[in-house]
Amino acid sequence: MPAMSHPAFVHHAVLLSLVLFALGTLGVFLRRNVITVLMCIELMLNGVNLAFAAFSRAAGTLDGQVLVFFVLVVAAAEAAVGLGIVIALHRHRDTLDLDAFHLMKG
Amino acid sequence: MMDAVLFYLFAALAVGSALVVIGQKNPMYSAFALIVTLCSVSVIFALLGSPFIAVLQVIVYAGAIMVLFLFVLMLLNVRREEEGARPQGGRVLQVVALALVALLGAQAAVVLLQVEPGPAPSFDASTRAMAAVLFSPRYLYVFEATSILILAALVGAVVLAKKEL
Amino acid sequence: MIEATPLDGALPFAILLLPLAGFVVLALFGEWIRRDKEDSGAAWLACGTVLAAFVLAVWAARRLFALPAGPGGLHLFTSTLSWPPLGAEARETIDFISVGSLRVPFKLLVDPLSCVMTLVVTGVGSLIHLYSVGYMAHDEGKVRFFSYLNLFTFFMLLLVLGGSLPLLFVGWEGVGLCSYLLIGFWYRKDSASAAGLKAFVVNRVGDVGLILGMIFVFHALGTLDLVDLADNASALARERLWQFGPATVAALLLFLGATGKSAQIPLHVWLPDAMEGPTPVSALIHAATMVTAGVYLVARLGPLFQASATAMLVVAVVGTATALMAGTIAVVQTDIKRVLAYSTISQLGFMFLAAGVGAFGVAIFHLYTHAFFKALLFLGAGSVIHAVSGEQDMRQMGGLRAKIPWTFWTFLAGTLAISGIPGFSGFFSKDEILASAFTSGHTLLYWVGLFTALLTAAYMGRLVILTFFGGFRGPHEVEHHLHESPWSMLGPLVVLAVGSVVAGYPLFRGPHGRVQLPAVVQPAFRSAEHEAAGPGWLMVLAIVSAALGLLIAWSLYLSWPELRARLRAPLRPLLRLFAAKYHFDDLYDAFVRRVVVEGSERVLWRRVDARGLDGAVNGAARLTAWISGYLRPIQTGFVRHYALVLLAGAVAVISFLLWS
């Protein structure tokens with residue numbers, strides 16, 4: 001695909017990634033369901049990916065792209081394990097409320 | 001011209017569905033909204049001249065990870081967000097979180113807006129070019145290491161989900 | 001021209017190592033050598049090593065005087081341990097200590113002084129070993145006894161043959177250890193083990209002085225080698241009376257060590273208690289050899305002492321005072337061995353008096369004669385005790401003259417010798433001491449010494465009379481069993497008695513027919529020949545005092561007992577003071593008990609350790625726990641709180657990076 005030469009894309013793409021990241025962070029704090037929190041984390045990761053891709057475009061190198069690739073892989077692994085933990089938690093406590101798990105209290 | 005329109009359109013879509021993700025009570029709806037976000041972002045990747053990761057985003061993220069999320073949601077039969085008792089820390093926590101995020105965002109925005117966007121150099125991010133970089137000595141080890149990471153995650157997930165350890 | 005050969009070098013080491021070998025064999029295999037309970041194989045082995053050492057010592061003495069004399073007429077040769085042992089090519093000396101500028105090789109010194117000491121230790125030592133065969137014949141721990149005796153001989157020889165102060169010190173400590181082991185030989189008896197401990201502890205106090213003294217010596221003279229020390233010390237500046245320069249401080253500290261070992265004031269308290277050990281031990285260690293180590297030390301470091309007028313005065317005064325004090329205490333003792341113990345302390349005081357007035361050779365001479373007659377007296381006392389089935393209180397004895405004649409006559413010879421009756425060895429040495437005191441200007445010390453000589457004769461006479469004369473005052477069964485000792489015990493007594501007589505006329509008779517032993521050892525002291533040619537009436541006065549002392553004893557205890565009863569009343573307070581040993585023991589006991597023990601318990605243990613140190617440690621732990629009590633609530637257990645903190649931290653870091 002031919003590269004677009006509109007310069008503002010990159011700039012606005014980074015701003016967009018900022019917005020996505022901020023929304024994701026807010027979601028982590030505002031929601032109580034474990035799975036929803038996990039999804040908000042995925043949202044954050046997406047924001048980061050977008051930033052990488054945008055900067056890679058601006059710099060003209062492919063390193064950013066490669067990093068996106070790896071972030072993707074790690075996100076996949078993390079989602080798998082995270083959901084495994086969620087299933088185990090649900091099996092024990094029959095709830096998915098994040099505030100119900102406070103046994104590590106000092 | 002066309003690109004700009006597409007860009008702003010899908011950007012708005014992404015933000016909108018992100019709001020839905022964090023706002024919806026039902027986790028199932030949040031999941032679907034997230035899929036929409038992911039696909040929008042994929043389009044933006046394409047607009048930025050990165051076809052490889054655009055496709056990868058759809059296949060892996062939207063196609064595999066989100067499906068996994070949906071499976072688990074349906075397995076655990078989650079319908080509604082649990083209201084339960086007062087959230088620990090209550091409003092204070094949410095306000096503080098909001099403040100912090102706003103602070104972070106403001107700072108980043110300030111920095112970004114000061115930067116003058118220069119002309120983007122042309123680059124080739126096709127699959128062929130990506131492959132050449134990924135399998136180059138620079139990233140080869142990392143590439144192989146990620147495969148081990150996936151193996152570990154696989155084993156971990158299986159063990160965690162077993163009924164009897 | 002006769003030259004030193006490698007064999008000469010091996011001699012001192014051979015002398016030294018024979019008794020050590022005896023100890024090792026007896027310690028490791030002693031029980032196997034013994035065939036049955038009464039077998040004396042181990043004992044004879046021990047005697048053999050010491051006797052062999054004596055023979056070698058004689059040989060070494062002959063070689064010493066066969067070799068040409070060095071500067072100042074001094075014969076000496078040294079023998080250093082090196083590798084390889086034989087061969088004239090480059091030999092690497094094996095060092096005992098090698099630190100910085102201090103190098104102490106394993107070097108043995110053979111000169112007239114060490115020769116005399118070695119001959120005394122091995123000669124008298126072998127006689128005592130022989131005596132012990134009979135004395136300890138029925139004792140269960142015979143093997144242990146002889147192994148200790150051999151070990152002691154080794155350490156004593158190391159002390160006198162050592163070529164440098166550290167080696168001397170090793171021997172010094174070693175004999176202290178053996179003294180402890182032998183005093184407390186019958187360890188099941190509480191008083192014996194307590195006495196052993198007392199001896200060791202008191203010695204240790206003195207040793208502090210010795211160690212500090214060694215440090216000062218090294219600081220002042222830069223060497224610890226005895227030959228170099230003597231040379232360097234003669235070149236030291238003379239320090240006046242009460243001027244505390246390096247020589248004075250070093251000498252005083254070393255003298256403190258000597259008082260511990262030689263039982264002088266203030267560290268004399270252990271010797272009388274040491275009589276708890278077997279009699280041969282008292283004879284060997286506490287009469288002839290170990291206690292003389294202090295005299296040897298002072299004599300050896302004579303040039304150092306002579307550089308300090310203060311030290312010399314202190315030595316002489318302490319010696320005289322001790323002699324007097326011990327003499328007075330001996331007069332009121334009832335235990336036969338205690339009398340002899342205090343007598344030893346007194347005679348050692350005489351030796352220090354001689355050293356203090358500069359007559360080192362005379363002091364060594366008296367050491368030499370004293371070894372003979374004191375060993376004789378102790379062994380004789382052992383024979384007496386053996387005859388009366390273990391009784392040591394003289395009030396339970398009497399009239400033994402007829403029953404144990406051999407013991408009596410030899411004992412009498414020793415008594416006459418110690419009293420200073422002309423013709424016997426003690427007369428020559430004691431007369432020399434008093435003469436030196438007088439001619440060097442210390443008139444007061446002379447008169448006190450003379451009076452003490454009178455006391456010596458008096459208490460020894462009293463001892464002889466109470467033990468051997470009059471009627472037997474003990475229980476009937478004991479009287480029934482009175483018997484002479486076996487020849488293994490009597491033999492040494494006879495030899496020593498002969499020695500007590502002839503030792504005064506040593507082999508080297510000089511031009512004016514006077515005793516020459518001091519002259520032989522004199523060059524070792526690197527000082528001018530001490531011409532103690534005093535007025536003739538000195539000798540007369542000495543004889544008179546000796547005779548007077550014996551006469552007093554005779555009259556008070558034999559011919560005129562009523563006088564004794566009449567004298568006792570007015571003298572009672574004085575006699576009580578003597579009997580209480582001048583309250584030294586009470587003083588020390590009070591100090592140890594009140595200050596040391598209670599101080600440790602009340603202050604150091606309770607306050608410093610339990611409250612202070614433990615408190616600090618426990619307090620630190622309590623403080624940590626208290627602080628953590630306040631920090632713990634931070635861990636709420638809620639993931640969202642943790643995430644919030646995480647976010648806050650991240651924002652802070654990013655802000656800092658963006659705006660710094």
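Over which residues of chain C does pLDDT stay under 50, and how many contacts beyond four places in sequence does the model have for them?

Analyst: This is a predicted model. The stretch in question is residues 507-515 of chain C, where pLDDT stays under 50. For residues 507-515 of chain C the model has nine contacts beyond four places in sequence. Where pLDDT is low, the predicted coordinates should not be read in detail. The scores for the model are ipTM 0.88 and pTM 0.69.

Elsewhere in chain C, helix α15, residues 360-387, gives 18 residues to the largest nonpolar core, the most of any contributor. That core has 199 residues, and the members touching the most others are V298(C), A363(C) and A375(C). Leaving aside residues up to four places away in sequence, A375(C) is in contact with V124(C), I128(C), A283(C), A287(C), A288(C) and L496(C).

V104(C) lies in strand β5, residues 102-105 of chain C. V104(C) counts as partly exposed because it has 19 C-beta neighbours inside 10 Å, and 20 or more would be needed for buried. Beyond four places in sequence, V104(C) touches D95(C), F96(C), I97(C), S164(C), P166(C) and L224(C). Of these partners, S164(C) is 60 residues from V104(C) in sequence, yet the two C-alpha atoms are 7.2 Å apart.

Chain C also meets chain A, in a contact that takes 12 residues from chain C and 11 residues from chain A. On the chain C side of that contact there are seven nonpolar, three polar and two charged residues.

The contact between chain A and chain B takes 66 residues from chain A and 74 residues from chain B. On the chain A side, α1 (8-30), α2 (34-59) and α3 (63-93) each supply at least two residues. Of the elements of chain A, α3(A) gives the most to this side, with 21 residues. By class, the residues of chain A that touch chain B divide into 47 nonpolar, 13 polar and six charged.

Notes:
Residues numbered from 1 in each chain as written. Chains lettered and ligands numbered in written order. Predicted model: local features only at pLDDT ≥ 70, side-chain atom pairs only at ≥ 80, totals over all residues. Contact = placed C-beta atoms within 7 Å. Nonpolar A, V, L, I, M, F, W, Y, C, P; charged D, E, K, R; others polar. Core = buried A, V, L, I, M, F, W, Y, C linked by C-beta atoms within 7 Å. Buried ≥ 20, exposed ≤ 12 C-beta atoms within 10 Å, placed from the backbone. Helix = DSSP H or I, 4+ residues; strand = E, 2+ residues; numbered from the N terminus. pLDDT = per-residue confidence, 0-100.
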